[in-house]
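This briefing concerns the structure shown below and is arranged by topic. Please keep the sequence and the model side by side while reading.

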Amino acid sequence: MRAPRKDVQRNRQRLITAAREAFAKHGTDVSLDEIARMAGVGPTTLYRHFADKDDLIEAVLDNLMATVRDDAAPVVDIPDPLQAFRSMFTDSCDLSDAETETFLRLAATSTRAGAHAQHLISDLVEPVTARLRDVGGLHPGITADDIAMFIRMTVAADDYTARAKAVQVLLAGLTQSAREVG
């Protein structure tokens, strides 16, 4: 299978960028036709790439998480599992307030979007969660899906300072519970 043409890739990225901006500014009620107009393409081009709004929302969620994934990649190489786990949350999972608000708004649009957002976060935290659990530093019953849910709860805080505090409490509780259980 050959790679998509450059113009096709460019149009797809323009649509995702326009949708991200539109969703951030106007919420998810913005029409697909308006997003196509903002991207400088016709509605037919939009529908060639995205069958429906949920497809487009998933692409924007992926786009929002791309930088986080890139920032988090080196964390898995940190030798100490607890330090890697902590670093994932304190250094790597860091969207701006506006990006966090957009991510949460999009994740709340449908069951499908919520499940996709949960999956994105779970995949991101699975390696460090499994390592910490394997060495007894995390309660044995805690899964990457649990951690993803906790992250979504903490990012719902009003601003960066409140999120940072929520993450610190979360980390202390998760690692403390493992010490008490172990």
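This is a predicted model: local features need pLDDT of at least 70, side-chain atom pairs count only at pLDDT 80 or more; totals for chains, interfaces and linings use all residues.

By about how much of the helix are Glu34 and Arg37 separated in helix α2 (residues 32-39)? Because the two residues are 3 apart in that helix, Glu34 and Arg37 are separated by about one helical turn.

**Overall fold**

- The protein contains 9 helices and 0 strands, so that, read from the N terminus, its elements run α-α-α-α-α-α-α-α-α.
- The C-alpha trace spans about 60 × 40 × 25 Å along its principal axes, and 41% of the 182 residues count as buried.
- Among contacts between residues at least 6 apart in sequence, 70% join residues that are at least 24 apart.
- The accessible surface comes to about 9,700 Å², and carbon and sulfur atoms account for 53% of that area.

**Charges and salt bridges**

- The protein carries 21 positive and 27 negative side chains, with the centres of the two sets lying 7 Å apart, and the count of salt bridges comes to 7.
- Glu58 counts as buried because its relative accessibility, 17%, falls under the 20% limit, while Arg112, at 32%, counts as partly exposed.
- Arg105 and Glu101 meet through their side chains in a salt bridge of 2.7 Å, N to O, and both lie in helix α6 (residues 97-107), 4 residues apart, about one turn of the helix.
- Arg105 is partly exposed, with a relative accessible area of 27%, and Glu101 likewise counts as partly exposed, at 46%.
- Salt bridges with shared partners join Asp52, Asp55, Glu58 and Arg112 into one network.

**Two individual positions**

- Thr129 is placed in helix α7 (residues 111-134) and is buried, with a relative accessible area of 0%.
- Beyond its neighbours within four places in sequence, Thr129 is in contact with Phe85, Leu138, Ile142, Thr143, Ala144 and Ile147.
- Asp159 sits in the loop between α8 (144-155) and α9 (160-181), where it is partly exposed, with a relative accessible area of 33%.
- Asp159 and Ile35 are 124 residues apart in sequence, and their C-alpha atoms are 28 Å apart in space.

Conventions: Residues are numbered from 1 along each chain as its sequence is written. Side-chain values use heavy atoms; hydrogens and water are left out. Buried means under 20% relative accessible area, exposed over 50%, partly exposed in between (1.4 Å probe, protein chains only). Contact means heavy atoms within 4.5 Å. Accessible areas come from the Shrake-Rupley method with a 1.4 Å probe; for residues, only the protein chains shown count as cover. Lys and Arg count as positive and Asp and Glu as negative; His and the chain ends are not counted. The place of a charge is taken as NZ of Lys, CZ of Arg, CG of Asp or CD of Glu. A salt bridge is a side-chain nitrogen of Lys or Arg within 4 Å of a carboxyl oxygen of Asp or Glu.
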